[in-house]
Amino acid sequence: MNITFSMTKYVILSTIAIVLYASCNNGKQQQHNTDGLDSAALAAISLSSYQTNVATLASDEFLGRKPFTKGDTLAVNFIADKFQSLGLAPGNGSSYFQEVPMVEITSKPVDPTLTFEGKNSSITVQYLDDYVIGTRRQEENIVVEATDLVFVGFGIVAPEYNWNDYEGIDVKGKTVVAMVSDPGRYDATLFKADTMTYYGRWTYKFEEAGRQGAAGILLIHDTGAASYGWDVVRTGWSGPQLDLVTDDKGTTSPAFEGWISAETAQKLFQISGVASNIMEAAKQPKFKAVPLEVSTKVALHNTFRHASSNNVIAKIEGTVRPDETIIYTAHWDHLGVGEAIAGDSIYNGAIDNAAGVAALFELAKAFRAAQVKPERTIVFMALTAEEEGLLGSAFYTNNPLYPLNKTVANLNMDAFSALGETKDVSIVGIGQTDIEDYVERSAAKFGRSVRGEKNPSSGGFYRSDHFNFVKKGIPGLFMGSGSELLSTDTTQINTRQQALEGRYHTVHDEVDEHWDFEGILADIRLFFDIGYTMSLETTFPQFKAKSEFRDLGEKRLAK
Ligand SMILES: [Zn+2]
């Protein structure tokens, strides 16, 4: 019902746009409208081609676009062909592809039970029910004999917040036990209050444990602080894990990494002779890490499979400063084929993230149609293996095709909203970069306002591909639709909501006739104007003063 409605509305709107464009272009060298928008470029963004491309990428034929499958081959070829037919130049020399070599590690404990030996008593816990474990080390057998446990609180070293959980303690060869999240979650005067910093992410905690030379790390699960339940940890860790092939073969990571349930942690503290409120104490500044007087022994057996996937990359060369790049990204991969639910086993990934990839095509059309061509190079990048831990973007930023110190910004699109047009637009991790100032200005041109994400404590800023650019000091933008819907038709809104709810990472993320794509198109226009504005300027956006990446950003530009 509302598809027909939107299509009609679209035809009327686009007809008006074309008429407007034609009349103001009449006889004069038109550049911008008075509102500063390039109408020719915006008119090139089309609902019908967008919908068709989303539907194709999310069709069953593409088998959920999992890396190393037939769906991978189909998807990357489709994207490369599309880039070519849109008149984009190959982004990697004469090729549209950047090969990403990966290793699939299947890691299993030799014994499914894990025993913690205390001074007077011991506890034994069960694999998957009470703990999960794995490794990044590319070795067939990993044996860690009698490693002592140390409770390191949040496991954070953050000089700018005057916080060091590893101060005065040597954890080399030991196993650290750490809490999820960061101190700001519990005390609004610490860190960034309830907006999670990178120090709160589990990936950071594993990295820090590696830097400290720990033999192992076990994170204490907490549904509230982690923002997902034990079942998510359990399923996420029970199968094979993909990783990039690195020169060090994972040796800079701890020998093992894992999680223990909250109940297991309680039992562990009981046999370790520490105060029962130790986790509360660890939330206070100046907490000191505590040896637990408990040891454990870990043995893992690993099998490996090597395979490659591809990032697909194209560009429009800048007319004045071609060495400076603005990089649009959207991951093309999704979860593939899984357990059948009511006869459906294909994880189509329509919103996540066929919607983002198809947006790259519309953006390309807009840049090609712009009256004044971009002065900086615009790069369009469809990334692989985001769902496996942001691997395609990690590979790109470790093996960049365009110098990192000349990369102006990364604008990342991952999961748009099909609820319809909104008055506002949402920036994930607001307060991080100057790109937000561009968003403000562009949004105003479209009569839209800017706000932060709904749930800043979930650390969304660290959970999509722009974050690998950020880790190299490149400002990244992760922006999504807002929540103030323009439509006041509650029946219609309810129908759309029902057609979207609970579909994230399920077989039901497939194109639904009740979805409305107008809001996505509005967001694509905004994404265009932000990058286009930047492409005509000479300045480099920076990280904001309070960002934990500020120094990194400055160092990058100094190179
Ligand atoms: Zn995604």
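Me: A polar contact is a pair of N or O atoms within 3.5 Å; within protein, one must be able to donate a hydrogen and the other to accept it, and residues adjacent in sequence count only if both atoms are side-chain atoms. What does the side chain of aspartate 424 reach at 2.9 Å?

Reply: The side chain of aspartate 424 reaches the backbone nitrogen of glutamate 484 at 2.9 Å, and that distance is within the 3.5 Å limit, so it meets the distance part of the definition. This is a predicted model, in which local features need pLDDT of at least 70 and side-chain atom pairs pLDDT 80 or more, while totals for chains, interfaces and linings use all residues. Residues are numbered from 1 along each chain as its sequence is written, and side-chain values use heavy atoms, without hydrogens and water.

Me: Why does aspartate 424 count as buried?

Reply: Aspartate 424 has 1% relative accessibility, so it counts as buried (under 20% relative accessible area; exposed is over 50%, partly exposed in between, with a 1.4 Å probe and protein chains only). Aspartate 424 is in strand β19, residues 424-427 (helices, H or I of at least four residues, and strands, E of at least two, are DSSP runs numbered from the N terminus).

Me: Which residues does aspartate 424 touch, not counting residues up to four places away in sequence?

Reply: Aspartate 424 touches Arg448, Ser449, Arg451, Ser481, Gly482, Ser483 and Glu484 (contact means heavy atoms within 4.5 Å). Although aspartate 424 and arginine 448 are 24 residues apart along the chain, their C-alpha atoms are separated by 5.2 Å.

Me: How do you know that helix α11 is mostly covered?

Reply: In α11, residues 391-398, seven of the eight residues are buried. Among them are Leu391, Phe395 and Tyr396. The cover over the buried residues of α11 includes β2 (97-109), β13 (290-316) and α13 (466-470).

Me: Why does threonine 384 count as buried?

Reply: The relative accessibility of threonine 384 is 0%, so it is buried. Threonine 384 sits in the loop between β17 and α11. Leaving aside neighbours within four places in sequence, its contacts include Pro67, Trp332 and Asp333, as well as Leu391.

Me: Why does alanine 415 count as partly exposed?

Reply: Alanine 415 has 34% relative accessibility, so it falls in the partly exposed class. Alanine 415 also has a positive phi, about 70°, though it is not a glycine. Its place is the loop between β18 (407-412) and β19.

Me: How many helices and strands does the protein chain have, and why is it called as compact as a globular protein of that length?

Reply: The chain has 16 helices and 21 strands. Its radius of gyration is 25 Å, close to the 24 Å that the globule rule gives for 559 residues, so it is as compact as a globular protein of that length (the radius is taken over C-alpha atoms, and the rule is 2.2 Å times the number of residues to the power 0.38). Of the 559 residues, 55% count as buried.
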